[in-house]
Amino acid sequence: MVQIRHERPGDSAAREHLLDLCFGDARRLKTSERLREGRLPAEGLAFTAEHRGCVAGTIRLWHVEAGLRRPALLLGPLAVDPEIQGLGLGAGLMRHALARAGALAHGAVLLVGDAPYYARFGFTPSLTAGLAMPGPFERERFLGLNLRPGALDGARGIVRATGAWGEADAPIPVFGDAGAASRRRVA
């Protein structure tokens, strides 16, 4: 039996192993990863699928801005243990995450991924036609979904990260206690 639950801090090592297994080291070079780097997932929108007591799937959503002052979420990565792929776990994670994002009143979701796979959830490249990622990306794989009618309609500009920083990755203040900032940097 598979259980989809909120991600826990103890899932971190297993999640990273799963992502390496599914995507390899190249995953760290992607523009989407640059938008997530150092940030925390959107609150309440990081999920783990557990199968027989092990992390078998993961999905996370991240705060971004889809052009000027247009909040959205960036989905990814979605990963399922290769040994149980094809059983619907990825689709289950997608439906769960999108339903929760809608319930939390988020308006739109962006992702870079396999267009035929994500089309069944309502993702389309037409909603991202006026948007660009802040680095290399494949235009035909850049997709959007309105959770709320019209949320991405007419969106234009560059997608940028807006989510909270992880504690270890928070920007170091320019003003204030320089000694404290220095101690945080080496800790």
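The questions and answers below treat strand pairing, salt bridges and aromatic contacts.

Author: This is a predicted model, in which local features need pLDDT of at least 70, side-chain atom pairs count only at pLDDT 80 or more, and totals for chains, interfaces and linings use all residues. Residues are numbered from 1 along each chain as its sequence is written, and side-chain values use heavy atoms, with hydrogens and water left out.

Reader: In β8, which residue is the bridge partner of valine 109?

Author: Strands are DSSP runs of E with at least two residues, and helices are runs of H or I with at least four, numbered from the N terminus. Two strands pair if DSSP finds at least two bridges between them; five bridges join β6 (residues 108–112) to β8, and the two run antiparallel. Within β8, valine 109 has as its bridge partner leucine 145.

Reader: How many residues of strand β8 are buried?

Author: Buried means under 20% relative accessible area, exposed over 50%, and partly exposed in between (1.4 Å probe, protein chains only). Strand β8 spans residues 142–146 and is mostly covered. Of its five residues, the number buried is four.

Reader: How far apart in sequence are the parts that glutamate 7 and arginine 60 tie together?

Author: A salt bridge is a side-chain nitrogen of Lys or Arg within 4 Å of a carboxyl oxygen of Asp or Glu. Glutamate 7 and arginine 60 meet in such a bridge at 2.6 Å, N to O. Glutamate 7 lies in the loop between β1 (2–6) and α1 (12–23) and arginine 60 in strand β3 (residues 54–66), so the separation of the joined parts is 53 residues.

Reader: What kind of pair do the rings of tyrosine 117 and tyrosine 118 form?

Author: Rings of Phe, Tyr and Trp (its six-membered ring) pair if their centres lie within 6.5 Å; planes under 30 degrees apart count as stacked, over 60 as edge-to-face and the rest as tilted. A search of the whole structure finds four aromatic pairs. The centres of tyrosine 117 and tyrosine 118 are 4.9 Å apart and their planes stand at 85°, so the pair is edge-to-face.
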